[in-house]
Every structure is written in C-alpha cells, then in structure tokens.
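Please keep the sequence and the coordinates at hand while reading.

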Amino acid sequence: MADVVAPPYRVIPIIPALIPGSMEGLKPFVANDKINTAIGFPGELVEDWHDKAIAKMGELLSKYRSLKVYMDACVHCGACSDKCHYFIGTQDPKNMPVARQDLMRSVYRRYFTLPGKLFPKLVGARDLTKEVLDEWYSYFHQCSECRRCSVFCPYGIDTAEVTMAAREILDSIGYGQKYSNEIIGKVHRIGNNLGLPGPALRDTLEGLEEDVKDATGVDVRFPMDVKGAEVLLITPSADFFAEPHIDSLIGYAKVFHATGTSWTLSSMASEAGNFGMFIGNYDQLRQIALRIREVALELGVKRIVVGECGHAWRVAYSFWNTLTGVGDGADETDRFAQMLQKQLDHRYKQPMHICEFTWDAIERGALQFDKSKNDKHIITFHDSCNVARGSRMGDFAGGQFEIPRNIIKTVANNFYEMAPETTCEQTFCCGGGGGLLTDDLIDLRVKGALPRMEVLQQVVDEHGVNFMATICAICKAQFTKVLPIYGFDRRLVGGVHQLVSNAIILGDK
Amino acid sequence: MATIEVSGKTYETDEEGYLVNLGEWDMDVANYIATTESISMTEQHWEVINFLREYFEEYQIAPAVRVLTKAIGKKLGAEKGTSEYLYALYPYGPGKQACKIAGLPKPTGCV
C-alpha cells in the first residue's frame with residue numbers, strides 16, 4: 001500500500017504522453033482450483049487451452065452477432081482512444097479502448113477471416129500464443145466495462161462486450177480471476193458477495209433498528225424474510241457491512257417507514273450485485289438472478305425495488321425481464337417467470353429503483369424534509385457508469401440522470417455539478433468497476449480514478465464541495481479507498497439515500 | 001500456496017497473506033502479519049482483534065464496521081466507538097486490515 005501514489009493532475013486535460021508497456025504484466029490473482037470448480041469452470045489452465053479458447057471464441061461469435069460486428073466494424077478512427085480513464089491514468093497505449101479490443105480482434109482475424117488465415121502479417125492477425133493469452137488476462141482486467149468509450153464510437157462498438165467475451169473465454173479454459181469468481185461462489189453458497197450468513201444479517205439489522213431509535217426516537221424497522229410484504233428490497237450486501245454504504249440502507253428504511261410501505265429484505269437473496277455480468281457468463285448471470293425470483297415467489301411480494309448498486313441496476317433494468325420474469329417479456333414456456341409476472345403488481349414499474357421509489361413519494365407529497373440538516377454538505381453527484389449508460393429511470397429519457405439529482409436538490413440546499421464532459425452519459429468510471437475492486441489492483445484503481453479526481457478537485461476549489469453523492473456500492477468502496485491517496489477525506493463520498501436519511505422527517509405511523 | 005514462518009512454525013496463507021486455516025492463528029502470527037502491514041500492536045489493537053475473533057466465532061463473518069464501532073464503544077468507552085478511532089489503529093480500513101491480523105478471511109464484494 002505504502003508505495004501506491006496518485007498520478008499528478010494533468011495541466012491541460014488532453015491525450016497524455018504514451019508510456020508503452022507501463023502496465024504490461026499486471027496480473028490480478030488468478031482463481032485457484034477450488035474457486036473455479038465450485039462454479040463449474042476448469043480448475044486451472046487446461047492443457048489444450050489453445051483449441052478450447054478458439055472453439056469458445058467461435059461459439060460466442062455465432063451466438064452473439066453483436067460480437068462479430070464489433071470484431072469487423074472497427075476502422076481505427078481513434079475516437080475512443082483518449083476516452084478511457086485507465087488509459088488516461090496509466091498512459092499505456094494498450095489501454096486505449098481500440099488497442100485493448102485489438103488484442104482480441106487480431107486473434108479473431110487469424111482464425112475467423114480469410115485474409116487473416118492466408119496472409120496474417122498483412123492484416124495484423126496473430127496466433128493465439130501463451131504470450132497473447134497472458135496479454136488478454138492482463139489488459140482485459142484493465143477495463144471496467146464502463147462503456148464510456150462506446151459513447152464516442154461512431155460505430156457504436158460496445159467495448160464492454162468485447163471484454164466480457166474475453167473473460168468468458170478465459171474462464172472456459174480455467175484462467176479466470178480470483179476476485180470475481182470467489183465472489184460468485186459465495187453468492188451461490190451463502191446468498192451474497194460478502195459471505196454474510198443469515199444470523200449475522202439479522203444481528204446487523206437489529207443493531208440498525210436500535211441505532212435509528214436512539215437517533216430519532218422512532219421505531220424504524222429493518223424486516224427480513226417477511227412473507228406477504230409488499231416490497232422486496234434487493235440491495236448490494238455492502239449496504240449491510242461497509243461505510244458509507246450502510247447510511248443509505250438506513251435512508252431506504254426511513255423512506256419505507258415514512259411512506260407506510262410494508263417491505264422486507266431476504267436472507268437468501270441478500271445481494272443485488274451480479275458478477276456474472278462482469279465475467280460475461282450468461283449462466284452465472286441467470287443463476288444469480290434466479291435466487292431473487294425464488295425468494296419473490298416464496299415471500300409473495302408485489303413489488304421488487306433495487307437499492308443503490310450500479311451494475312445491479314443495469315442487470316435488473318435491462319436483463320431481469322428475460323432472465324427471471326421481473327418486468328415484461330418473460331418466456332412463455334418459463335412457468336415460474338410467468339407465475340412471477342402474474343404475482344407482481346403492474347401498476348408499478350417492475351423492477352423499480354429505490355431512487356424512483358423515493359422520487360415518486362416526493363412528487364406525491366408523501367415525504368417531508370428538513371433541508372437544513374444537510375447544510376454542512378456541499379454536494380456534487382458522480383454518475384455511476386452502469387446506471388448512466390446501461391439503464392434508465394422514470395418514464396422519460398435521461399431519467400437516470402435527473403431523478404437522483406432531483407432527490408438531492410429536494411433534501412439539500414447546496415448542489416454543484418462537475419464538468420459536463422464528465423457527467424451523465426459521459427461520466428467517468430470510478431476506477432473500480434467491472435470486477436476490478438480488489439486490493440491486488442489498487443495501483444490501477446488509483447490511476448483509473450485520475451480523471452474523476454481532477455474534476456472533483458475543480459468543484460472543491462470553486463465551490464467548496466465536501467460531499468460526492470453516488471448510487472453504486474462499488475463507487476462508494478472505490479472512492480473511500482482512493483480519495484485519501486489524492487489528498488481528500490475518505491468521507492467525502494456517500495450515498496444519495498444517506499442525504500435522504502439526514503433530512504427526512506419521520507412521522508409516527 | 002504461500003506460507004509464512006514464525007518462530008519455527010509454518011502457516012499456510014493465500015496470495016494476499018490471509019491465513020488459510022483459521023485454527024492455526026496465534027498471537028505470534030498475528031504480530032508477524034501486523035509488522036507486514038506496518039502496524040505495531042498495542043493493547044488498543046488487541047482489543048479490536050479480540051472482538052473480531054469473538055464475533056466471528058458466533059457469526060462466521062467479521063462484523064460490519066458499524067457493528068464493530070458500536071461494540072468497541074460499549075465495551076471500551078464512547079470515545080473509542082468511532083470509525084476515526086478504528087482507522088487510526090488500522091489505516092487501511094478496520095474491515096480488511098484487522099481481519100487479516102485476526103486470522104479471519106477477507107471480506108469480499110463491494111467493500
């Protein structure tokens with residue numbers, strides 16, 4: 001830790017000077033035999049990895065037409081090259097999105113295109129050697145799948161999908177990453193990424209009831225496994241464990257209390273996060289999502305609300321419908337998905353983001369706030385990548401940008417935006433997304449946070465900003481860790497519902 | 001698997017230096033891990049470690065930071081029941097750093 005230092009801010013934020021090879025050989029811990037086999041992957045790099053990898057690539061190319069288009073369509077225009085936070089922070093040219101993708105594209109050309117098969121050198125096609133494979137492992141774990149580069153791509157190439165495909169191929173030959181795969185195993189075994197068992201969760205929730213009672217004098221409940229509750233809240237397990245995450249959990253509970261909503265958490269589906277997406281594995285994505293369906297059916301809930309978790313909201317908003325039947329579009333032959341569709345109350349959005357829930361209650365006049373309670377905070381908002389570019393909120397375009405901001409402005413007096421080229425759909429990743437929020441990548445995480453820290457510094461200098469609100473557990477954990485390395489207080493980051501919690505006026509219900 | 005050796009005894013660890021077998025933990029190895037984290041153990045550090053181990057025994061996971069601060073505050077006085085106090089003892093975060101010294105598995109996920 002001691003030798004991790006923040007890179008200096010750029011004087012003029014343009015394309016940085018290149019440092020070829022600066023991140024070469026960076027290798028997050030590889031998943032071991034026990035971790036891999038627990039989730040159905042080969043324990044270690046298989047002997048015939050070359051043939052297996054090419055076969056897997058062929059399978060993905062035929063299954064995902066998009067991947068084939070992304071492999072073929074790039075004209076190397078360079079529009080994406082300086083849009084990646086990891087490239088800006090590391091200055092390694094292979095972290096230009098186009099160059100990172102080309103690590104796979106060159107192999108694609110060699111094995112799947114005629115010119116590449118006949119004249120590989122002429123078309124930049126490469127054999128899949130062990131060196132190339134290691135390069136994949138390294139650089140496809142220097143992409144957080146945030147899709148900022150895709151916003152600027154004139155062909156709409158989704159770089160995250162290329163990274164996901166690469167990781168899927170690596171997992172299929174026993175060369176997966178420890179952090180993500182260990183966590184996926186824990187969800188299957190225990191119910192959440194953290195490995196928090198039911199009794200510990202109950203103890204934590206009871207403790208929170210005491211704390212809120214002490215602080216407010218009001219009996220705000222944190223119910224767990226309640227059959228017949230109206231709302232099932234699915235939230236990242238970090239909300240039960242980490243600071244500042246837990247303050248937003250308190251905020252959700254207060255909103256449910258103040259609106260008189262009957263709600264429950266689940267010990268079995270105590271995780272909104274879904275790392276199946278990070279590793280590009282559909283089966284894992286689905287299995288993890290199905291835990292939520294099972295619980296929803298068992299508890300008989302009418303609504304499913306998702307807490308502050310960026311990629312979880314992307315999965316929920318964009319994929320839960322076909323994966324589980326939450327939302328429209330469940331497969332007609334999927335009996336349980338159909339059951340769930342009938343059970344849920346479609347007068348409400350399914351699923352619903354907690355920000356939508358709270359904003360709806362505000363608009364109905366169901367919540368009262370004392371804004372002055374947040375006067376000590378001078379606030380800005382960091383859009384989280386998966387919410388910004390992979391989902392929506394409300395029933396109008398851009399709702400995912402406006403609704404969280406509207407909530408903040410309703411509960412607090414001091415709000416300032418960061419530079420517009422770094423917010424909303426152009427937001428920078430926090431530097432820890434996509435399965436990279438692990439200590440063995442702390443150097444990369446610090447460097448990847450550079451562009452966000454630069455513009456944060458601007459609003460700190462100009463407006464005295466001392467609170468950066470966000471709605472993602474990864475963003476919160478990442479910033480808590482890297483803010484001090486840039487000379488900020490770790491408590492500068494917090495949740496939107498943390499601010500809600502501070503200002504909400506609780507009536508007796 | 002990596003190992004560490006302290007006073008002639010060998011302990012198995014994972015890649016990040018967390019003990020693999022919780023039962024092998026003792027004060028010697030705790031002191032050793034602390035030095036690798038640039039922490040010199042004082043009575044205040046031990047108070048936290050002991051609470052973590054007790055909690056783990058009951059719940060099979062380390063306590064949430066909030067649970068930890070509250071418990072420390074109750075046991076040792078309100079002035080110690082703050083996250084500032086815990087971060088002063090364990091600068092890389094009481095969750096991970098103190099768990100490592102206490103011989104507990106690393107909390108994973110978005111923490």
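## Backbone features, domains and contacts

D225(A) sits in the loop between α11 (198-216) and β1 of chain A; helices (H or I, at least four residues) and strands (E, at least two) are DSSP runs numbered from the N terminus. The model is predicted, so local features need pLDDT of at least 70 and side-chain atom pairs count only at pLDDT 80 or more, while totals for chains, interfaces and linings use all residues. Residues are numbered from 1 along each chain as its sequence is written, and chains are lettered from A and ligands numbered from 1 in the order in which they are written.

Although D225(A) is a residue other than glycine, its phi is positive, near 55°. D225(A) counts as partly exposed, because 17 C-beta neighbours lie inside 10 Å. The burial classes rest on C-beta atoms placed from the backbone: a residue is buried with 20 or more others within 10 Å of its own, exposed with 12 or fewer, and partly exposed in between.

E145(A), in the loop between α7 (130-139) and α8 (148-152) of chain A, also is not a glycine and has a positive phi of about 60°. E145(A) counts as buried because it has 26 C-beta neighbours inside 10 Å.

| Residues joined | Omega | Bond |
|---|---|---|
| E243(A) and P244(A) | about 5° | cis |
| Q350(A) and P351(A) | about -10° | cis |

P244(A) is placed in the loop between β1 (231-234) and α12 (245-258) of chain A. P351(A) belongs to the loop between α15 (335-343) and β4 (352-353) of chain A.

V326(A) touches Q350(A) and P351(A), together with I304(A), W320(A), N321(A) and L340(A), leaving out residues up to four places away in sequence; contact requires C-beta atoms, placed from the backbone, within 7 Å. V326(A) occupies the loop between α14 and α15 of chain A. It counts as buried because 27 C-beta neighbours lie inside 10 Å. Between V326(A) and A289(A), 37 residues apart along the chain, the C-alpha separation is 9.9 Å.

The axes of α13 (residues 282-299) and α14 (residues 310-324) of chain A come within 10 Å and cross at roughly 85°. These axes are lines fitted to C-alpha atoms, for helices over the stretch in contact, with angles running from 0 to 180 degrees between N-to-C directions. α13(A) and α14(A) are therefore roughly perpendicular to each other; angles under 35 degrees count as roughly parallel, over 145 as roughly antiparallel, 65 to 115 as roughly perpendicular and the rest as oblique. On the side of α13(A), the contact is made by L285(A), R286(A), A289(A), L290(A), I292(A) and R293(A), and on the side of α14(A) by V315(A), F319(A), W320(A), L323(A) and T324(A). By class, this contact of α13(A) with α14(A) has 8 nonpolar, 1 polar and 2 charged residues. Ala, Val, Leu, Ile, Met, Phe, Trp, Tyr, Cys and Pro count as nonpolar, Asp, Glu, Lys and Arg as charged, and the others, Gly among them, as polar.

The domain assignment of chain A gives domain 1 (33-176), domain 2 (184-360) and domain 3 (368-503); such bounds come from an automatic or database domain assignment. The C-alpha centres of domain 1 and domain 2 of chain A are 33 Å apart. Where these two domains of chain A touch, 10 residues of domain 1 are in contact with 8 residues of domain 2. α9(A) gives the most to the domain 1 side of this contact, with 5 residues. That side has 5 nonpolar, 1 polar and 4 charged residues.

The contact between the chains takes 31 residues from chain A and 19 residues from chain B. Helix α3 (residues 65-76) of chain B gives the most to the chain B side, with 4 residues. The chain B side divides into 9 nonpolar, 6 polar and 4 charged residues.

Which residues touch the most other members of the largest nonpolar core? They are L232(A), V306(A), I408(A) and L52(B), in a core of 179 residues. A nonpolar core is a set of buried Ala, Val, Leu, Ile, Met, Phe, Trp, Tyr and Cys residues joined through C-beta atoms within 7 Å. Neighbours within four places in sequence aside, L52(B) is in contact with A62(B), A98(B), C99(B), A102(B) and L104(B).
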